[in-house]
Structures are given as structure tokens and as C-alpha cells.
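Biologist: I would like to learn how to read a model like this one. Can we take it feature by feature?

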Amino acid sequence: QTLGNMRNRGASAEEIKDFIDSHIKDLRAQPLAGKFVQKLGAINTAMERLRNADMPATEKTQRIRELEKVRNEIAETVEQAFKELDAIDV
């Protein structure tokens, strides 16, 4: 069930409020998750381009490892942010 579906079927304001109240953490996390997916996609694309690039293997390996490090740092940051969101008592 989504807010859009609820509006389309003519849900009352009270039903919508209850839905939001019961899903507030998920709703707060959604923009963060979207940004995370976008950044990971960009990193994975860059890594794939490096794999197909015409350059020495040692240079490819170094650059890919740097991107892997960035990817892991982003994942750790997002994981911590989700933990903090989960800890919020709503």
C-alpha cells in the first residue's frame, strides 16, 4: 500500500495520517536510500569503464581499489545513518 494508492481509493485523512505515523522511519529513509543507490551506480559504472579501459593492469587495479574504498566508505556512512534513523523514537 502506498500513499498514492490510498489517495486514489479516497482514503480519509485519518487513514493517511495513521499510515504516515506507522511508516515514518521508512519515509524518512527513502531519500537517503535513493542517493545511496545513485552514488553506487555511478561508482559501479566508473569501475566498469576502468575494466574496459586501455591502460596498464596495475593502474586499473589501483584505480578500481580507490573506487572500492570510496564505495565502502559510502556504504558505512549510509549504514550508520540508517542505524541513527532506526534509533529515533517516533
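Biologist: How many salt bridges does a search of the whole structure find?

Modeller: This is a predicted model, so side-chain atom pairs count only at pLDDT 80 or more. The general idea is simple: side chains of opposite charge can pair when their charged atoms come close. Here the search of the whole structure finds four salt bridges.

Biologist: Which residue forms a salt bridge with Glu48?

Modeller: Start with the helix. An α-helix has 3.6 residues a turn, so residues three or four places apart point the same way. In this case the partner of Glu48 is Arg51, with the closest N and O atoms 3.5 Å apart. The two sit three residues apart in helix α3, so about one helical turn separates them. Glu48 is partly exposed at 40% relative accessibility, and Arg51 is partly exposed at 41%.

Biologist: What salt bridge does Arg63 make?

Modeller: Arg63 meets Glu59, at 2.9 Å from N to O. These residues are four apart in helix α4, again about one helical turn. Arg63 is partly exposed, at 37%. Glu59 is partly exposed too, at 28%.

Biologist: And which residue pairs with Arg9 in a salt bridge?

Modeller: Glu15 does, with 3.4 Å between the closest N and O atoms. Arg9 has a relative accessible area of 49% and is partly exposed. Glu15, at 34%, is also partly exposed.

Biologist: Let us turn to the inside. Which residues of α4 are buried?

Modeller: Buried means under 20% relative accessible area. In α4, that holds for Lys60, Ile64, Leu67, Ile74, Val78 and Leu85. Their cover includes α3, residues 24-52.

Biologist: Which residues make up the largest nonpolar core?

Modeller: There are seven: Ile43, Met47, Leu50, Ile64, Leu67, Ile74 and Val78. Both α3 and α4 give two or more residues to this core. The most come from α4, with four. Beyond its neighbours within four places in sequence, Ile64 contacts Met47, Leu50 and Arg51.

Biologist: How far does α4 reach from its first C-alpha to its last?

Modeller: Helix α4 spans residues 57-87 and reaches 45 Å, close to the 45 Å expected for its 31 residues.

Biologist: What about the whole fold? How many helices and strands does the protein chain have?

Modeller: Four helices and zero strands. The radius of gyration is 20 Å, well over the 12 Å that the globule rule gives for 90 residues, so the chain is more spread out than a compact globule. Its C-alpha atoms fill a box of roughly 65 × 30 × 10 Å along the principal axes. Buried residues make up 16% of the 90 residues.

Methods
Residues numbered from 1 in each chain as written. Predicted model: local features only at pLDDT ≥ 70, side-chain atom pairs only at ≥ 80, totals over all residues. Heavy atoms only, no water. Expected span 1.5 Å × (residues − 1). Buried < 20%, exposed > 50% of the residue type's maximum accessible area, 1.4 Å probe, protein only. Contact = heavy atoms within 4.5 Å. Core = buried A, V, L, I, M, F, W, Y, C linked by side-chain atoms within 4.5 Å. Rg over C-alpha atoms; globule rule 2.2 N^0.38 Å. Salt bridge = Lys/Arg side-chain N within 4 Å of Asp/Glu carboxyl O.
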